Amino acid sequence: MSKKIFIKTYGCQMNEYDSNRIFDSVKKIGFSKTNDNKNADCYLLNTCHIRDKAKEKVYHEVGRVKKLYRDKKKPLMIVAGCVAQAENQEMLKREPYIDYVVGPQSYHKISEIIKNNSINKINSEETDFDTIEKFRYFDKVENHNDKVSSFLTIQEGCDKFCHFCVVPYTRGPEYSRPFKKIINEAEKLIKNGAREITLLGQNVNAYSDKSSSKNYKLSDLILELEKFSELKRIRYTTSHPRDMSEDLIDCYDKSKKLMPFVHLPIQSGSNNILKLMNRKHTVEQYLEIYNKLKKINKSIEFSSDFIVAYPGESEQDFSDTITLVKKIKFINSFSFIFSPRPGTKASELNMIDSKISKDRLEQLQKYLFSHQLKMNKSLINTSIDVLVENQITGQNKLFGRNKYLNPVIFDGEKKEIGKIIKVKIENCNQNSLFGKIDINNTKAA
Ligand code: SAM
Ligand code: SF4
Ligand code: F3S
């Protein structure tokens, strides 16, 4: 009987991709995936360190696992991801229930660790930045993901060192995978049924593969993926305003499959704060990108990430952020109160009073959410293209997304999965759209 692994994933899309790839690697040594957290041979937590009490959440989760397995054989407990990288040895000292701590650039060692565990029972950590080796290893491990919408990591790590952010310390320096390896993996995903691919990187638009005579960039990848006829949609995330190069902007003109939805984090609408954050771009540069893209295609919409109450943020700085939000009318954004992360420059600065921080977040979200709802409402009674991703468990309802990544829920049969169909929108809330297949207007794709 095969052994079972339970994987719990926190954090960003890259962690989701990583968890799938970790599973692909342990499948080779006879593991199957289980959703039953009470009956696993191996329990893997893929953690995120970006905000709040990330570390404490991991210890609480390990505490819960301990209770679940009180009367049973203990599972092999692995903590992976960005908290593992940041905490390394500390975790093993504080919680001996954890068997292994593995950072994001050492995932290629996980199947070996599991195989050797019965022979060599020692608690240990693997937190080297071994990115090239990791991708070399995974290039030889088949990607079994068969989702209609799949993630594909093309770039990892960050050299930008924004003063608030842990990513350069947890994911290491920027690394871009070789162009051809990415295309091979995309081809496999498309064979498995992918109709949409989202290219991932902490700084995805800084992608640059100079290993051959040509310097391949993100725009080259997009235009190459465009050639796969079964692939219908291409997306990428997360990009940095400084790396929105002209060739990438031109892709919105050249490519028919690149979706007209740009997630471009700005963090603040005040140049003072952007400078204090070490963001390396200004509000004016951001607006220039916005205007160029809107000129190419009026229907392009934007979303962003915001940090409010960054140390030093005055009422005027905050009001500059609101002015920007009113101007750009982002349709779907993430907003957070600044959270000091250990080891980062900003963690040494004086925090803004928590009541002021909460008030500012509330005010910002009021505008962000109202734009989102307004956008959704504007789609009522229109017929929109939806890529059908799956059937909602236990219901006859289908789940898909429109070009702006909004969830769309409607009645329909499984045979529609993987197709782009027209859905007439009848209702909405802030996050989702609800409708019916538009039988008068359905295009098979
Ligand atoms: N590379 C992306 C960029 O340049 O914007 C961001 C990647 S980060 C994983 C995702 C988001 O988390 C950031 O855009 C930021 O808004 C938020 N974030 C990161 N560190 C934070 C902190 N210390 N406090 C609050 N939010 C934070
Ligand atoms: Fe973090 Fe993004 Fe800044 Fe890099 S560019 S340090 S990932 S916020
Ligand atoms: Fe979190 Fe690491 Fe992603 S800190 S957001 S899992 S890069």
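Reader: Are Phe164 and Tyr310 buried or exposed?

Author: Before anything else, please keep in mind that this is a predicted model. A residue counts as buried when its relative accessible area is under 20%. By that cut-off Phe164 and Tyr310 fall into one class, and both are buried.

Reader: How are the rings of Phe164 and Tyr310 arranged, and how many aromatic pairs does the whole structure have?

Author: A search of the whole structure finds 12 aromatic pairs. In the pair of Phe164 and Tyr310, the ring centres are 6.4 Å apart and the planes stand at 80 degrees. Planes over 60 degrees apart count as edge-to-face, so the arrangement of Phe164 and Tyr310 is edge-to-face.

Reader: Which parts of the chain do Phe164 and Tyr310 link, and how many residues apart are they?

Author: Phe164 lies in the loop between S8 and helix H7 (167–170), while Tyr310 lies in the loop between strand S16 (305–308) and helix H13 (315–328). The pair therefore links distant parts of the chain, and the two residues are 146 residues apart.

Reader: What kind of aromatic pair do Phe179 and Tyr216 form?

Author: Phe179 is in helix H8 (residues 179–192) and Tyr216 in strand S12 (residues 216–217), so this pair ties together parts that are 37 residues apart in sequence. Both Phe179 and Tyr216 are buried. Their ring centres are 3.8 Å apart, with 10 degrees between the planes, and the pair is stacked.

Reader: Which residues surround ligand 2, and how many of them are charged?

Author: The surroundings of ligand 2 include Cys158, Cys162, Cys165, Phe164 and His240, and also Lys160 and Arg279. Sorted by class, this shell has seven nonpolar residues and two polar ones, and the number of charged residues is two.

Reader: Which residues lie around ligand 3, and how many of them are charged?

Author: Among the residues around ligand 3 are Cys12, Cys48 and Cys82, together with Asn15, Thr47, His49 and Arg171. The shell of ligand 3 divides into four nonpolar and four polar residues, and the number of charged residues is one.

Reader: How many of the six residues of strand S3 are buried?

Author: Strand S3 covers residues 42–47. Cys42, Leu44 and Asn46 point one way from S3, whereas Tyr43, Leu45 and Thr47 point the other way, and residues on both sides are buried. Strand S3 is largely enclosed by the rest of the structure, because the number of its buried residues is six of six.

Reader: Which strands pair with S3, and in what sense?

Author: Strand S1 (residues 3–9) pairs with S3 over five bridges, and in this pairing Lys8 stands opposite Leu45. Strand S4 (residues 76–81) pairs with S3 over six bridges, where Ile78 is the bridge partner of Leu44.

Reader: In what order do the strands of the closed barrel run?

Author: The barrel has five strands with mixed pairing, and neighbouring strands are turned by 50 degrees against each other on average, direction ignored. Strand S18 (residues 383–391) and strand S19 (residues 397–401), for example, pair in the antiparallel sense over four bridges, with Leu387 opposite Arg401. The order of the closed barrel is S18-S19-S20-S22-S21.

Reader: Why do Lys134 and Glu156 count as buried, although they form a salt bridge?

Author: Side chains of opposite charge can pair when their charged atoms come close. Lys134 in helix H6 and Glu156 in strand S8 (residues 155–156) are 22 residues apart, and the closest N and O atoms of their salt bridge are 2.8 Å apart. Both count as buried because the relative accessibility of Lys134 is 2% and that of Glu156 is 1%.

Reader: Are Glu16 and Lys147, which also form a salt bridge, buried or partly exposed?

Author: The salt bridge of Glu16 and Lys147 has an N to O distance of 3.8 Å, and it links helix H1 (residues 13–27) with the loop between helix H6 (131–139) and strand S7 (149–153). With a relative accessibility of 35% for Glu16 and 42% for Lys147, both are partly exposed.

Conventions: Residues numbered from 1 in each chain as written. Chains lettered and ligands numbered in written order. Predicted model: local features only at pLDDT ≥ 70, side-chain atom pairs only at ≥ 80, totals over all residues. Heavy atoms only, no water. Salt bridge = Lys/Arg side-chain N within 4 Å of Asp/Glu carboxyl O. Buried < 20%, exposed > 50% of the residue type's maximum accessible area, 1.4 Å probe, protein only. Near = heavy atom within 4 Å. Nonpolar A, V, L, I, M, F, W, Y, C, P; charged D, E, K, R; others polar. Pairing = 2+ DSSP bridges. Axes fitted to C-alpha atoms, helices over the stretch in contact; angles between N-to-C directions. Phe/Tyr/Trp six-rings, centres within 6.5 Å; stacked < 30°, edge-to-face > 60°.
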